[in-house]
Amino acid sequence: MIGTTVLHQTHFLLPQESPDVNLRLKEQECLTLLRRCMHMEEFRQAHAQILKWGFFSNSFCASNLLATCALPDWGSMDYASSIFQQIEEPGTFEFNTMIKGYAKDFNMEKSLFVYCEMLEKGVHSDNFTFPSLLKACAWLKAIKEGMQIHGHIFKIGLESDLYVQNSLINMYGKCGKIQLSSAVFEQVDLKDVASWSAIIAVHTSFGMWCESLKLFKEMGHDRSCRPEESLYVSMLSACSHLGALDFGRCLHGILLRNISELNLTVQTSLTDMYINCGCIEKGLCLFQRMIKKNKFSYSVMISGLAMHGCSKEALEFFSEMLEEGLEPDDVIYVGVLSACSRAGLVEEGLQCFNRMKFEHGIEPTIQHYCCIVDLMGRAGMLNEALEFIRTMPIDPNDIVWRSLLSACKAHHNLKIGEIATKSSVPLILHNPSDLLILSHMYARAKKWEDSAMVRTELACQHLHQTPGFSLVEVKRKIYRFVSQDMSHRESEDIYEMIHQMEWQLKFEGYSPDTSQILLDVDEEEKRQRLKAHSQKLAIAFALIHASQGIPIRITRNLRMCNDCHTYTKSISKIYTREIIVRDRNYFHHFKDGACSCRDYW
């Protein structure tokens, strides 16, 4: 120190930092280290530092340590559980973290067990406790436990918490209790986007497409709620199922006005909507505008073209997809095989089936086998189809046998039809349509006693066929008609229109195909039954209300009969209207007296 002035020795005069300050700085350093963790190796190093400096006894550090281990995607719930067990008196935050962490890892049972432990220890729940718990109940379909948790929510006074209410809506919906889900929704005072999205998702999951669209419209009245893209995708799916083209177009317009660049999922959903609403040209246009395409977008296009009978185009897009280096999957091959089936391309279909197995290594599923049976059946190769079923490496299900049975009905082969029906007897208990087809085949062959015996069996087993109906969209509203329908408020006008249509049809040489009415009744009653088929009522209603030049779009739940097919072809010519009928999963475009299926269906 010799020769050093006092001014150069100021460190002796400065106050020394206390050990507490150093510890606080070190604690902050450890917490910063925790926040920067990106994988378990870094986390273990941060954990070691916290243990080294004795910060684990600090509840704030322990809570952060637990949350960092349990909640990130790279975390480990086993490791988090070991940390949790070392916390002497875990509180609400720690229990919530464990519940949420297990739910994130889809270990739903453990989420519920942690909550039970929380109750046993008398730790208070809060509004962050229940969303993950109710998610666990929804995943497990644990309605009993979910209702008990709902009771706890009431007990602690959180029944009005918006996040909890939204979770309850979702939980009841996933557990199949749509009435309870709707009841909770009605009790929400200030509904947000999540509330509307949850209740709409519940209705779409039940296939309640009309109700979903109605709710979406109600949501539009609440200007504070701006739908997310995922909700638009659900609504486009509803439009696809209903054939609600006008509403789908409105959604498309809203998307274009509010979103500068649509992502691939939304673009694909729009393409799917237009295709399923009968606008194959618009769907094709959207598809070709996509800058980047994936397997799903190609799948939608290939299946869509197959539905519309554009089999050649579907196979061309399949080749284009392969050229772009995209590997096909089992779903795409279902579309490809369906395209071959719709056009009677038997050789091409069998080649694609073999290519799927041997070139792309895709193990055929029951859907692929069903496509091949349908392919052979439509082509009249009934013996070959039966042999193919018998040599399948997997057991045929009711859909496979039903495909063969439908082909037997179309080609009037009662012998193989009986074999198909008897082979699927154990499965018929869940679907009476097979027995009805057999009954119709007996009736067509004038075997009335056999037909009556089959129908008696249906009655004894208390089996009921889903009634056929037709949906038609007129001025952005969906109208539903069933055969012999007199319930519509405009029934008188509709039947008057039917009368006018039949008068015009006589000049075109149309004669009702009464063989489609397979009842032992006189010809006049058969004609009366034929003229009031649901599809004809829907066409009459649309002709009354739809402006000239606008295509009529009809969606059916059951396959149309031959008479309705012939009838609609003639009506399209007489009234110079394009009539597009979605016959379950296949489209018929009627125009100028012809159909796109070229009568191969």
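Two strands are said to pair if DSSP finds at least two bridges between them. In this predicted model, strand β1 (residues 469-474) and strand β3 (residues 552-556) pair in the antiparallel sense over three bridges, and the partner of Ser-470 in β3 is Arg-556. On the chain as a whole, the pLDDT averages 87, with 92% of the residues scoring at least 70; over residues 1-18, however, pLDDT stays under 50, and the model has five contacts beyond four places in sequence for that stretch.

**The sheet**

The strands form an open sheet of six, in the order β2-β1-β3-β4-β5-β6 and with mixed pairing. Its edges are β2 and β6 (594-595), each of which pairs on one side only.

| Strand pair | Residues | Bridges |
|---|---|---|
| β1 and β2 | 469-474 and 477-482 | six bridges |
| β1 and β3 | 469-474 and 552-556 | three bridges |
| β4 and β5 | 579-583 and 586-591 | five bridges |

Between β1 and β2, Glu-473 stands opposite Ile-478 in β2, and in the hairpin that these two strands make, which has two residues between them, Lys-475 takes a positive phi near 50 degrees.

Is β1 mostly covered or mostly open? Six of the six residues of β1 are buried. In a regular strand the side chains alternate between the two faces of the sheet. Accordingly, Phe-469, Leu-471 and Glu-473 point one way from β1, while Ser-470, Val-472 and Val-474 point the other way, and all of them are buried. Helix α30 (residues 534-545) packs on the sheet, where it touches β1, β2, β3 and β4, and its direction makes about 10 degrees with that of β1.

In soluble globular proteins, nonpolar side chains tend to be buried together. The largest nonpolar core here has 87 residues, and those with the most contacts inside it are Phe-43, Phe-130 and Ile-149. Helix α13 (residues 229-242) gives this core its largest share, seven residues. Apart from it lies another core, of 56 residues, which includes Ile-275, Ala-339, Ile-372 and Val-400. Beyond its neighbours within four places in sequence, Phe-43 is in contact with Leu-34, Cys-37, Leu-65, Thr-68, Cys-69, Trp-74, Tyr-79 and Ile-83.

**Single residues**

Ala-138 lies in helix α7 (residues 130-140) and counts as buried because its relative accessible area is 4%, under the 20% cut-off. Leaving aside neighbours within four places in sequence, the contacts of Ala-138 are Asn-170, Met-171, Lys-174 and Cys-175. Ala-138 and Leu-404 are 266 residues apart in sequence, and their C-alpha atoms are 39 Å apart in space.

Most residues other than glycine have a negative phi. His-412, although not a glycine, has a positive phi of about 55 degrees; this residue lies in the loop between α23 (398-410) and α24 (414-423). Arg-598, in the segment after β6, has a positive phi as well, near 55 degrees.

Notes. Residues numbered from 1 in each chain as written. Predicted model: local features only at pLDDT ≥ 70, side-chain atom pairs only at ≥ 80, totals over all residues. Heavy atoms only, no water. pLDDT = per-residue confidence, 0-100. Contact = heavy atoms within 4.5 Å. Core = buried A, V, L, I, M, F, W, Y, C linked by side-chain atoms within 4.5 Å. Buried < 20%, exposed > 50% of the residue type's maximum accessible area, 1.4 Å probe, protein only. Helix = DSSP H or I, 4+ residues; strand = E, 2+ residues; numbered from the N terminus. Axes fitted to C-alpha atoms, helices over the stretch in contact; angles between N-to-C directions.
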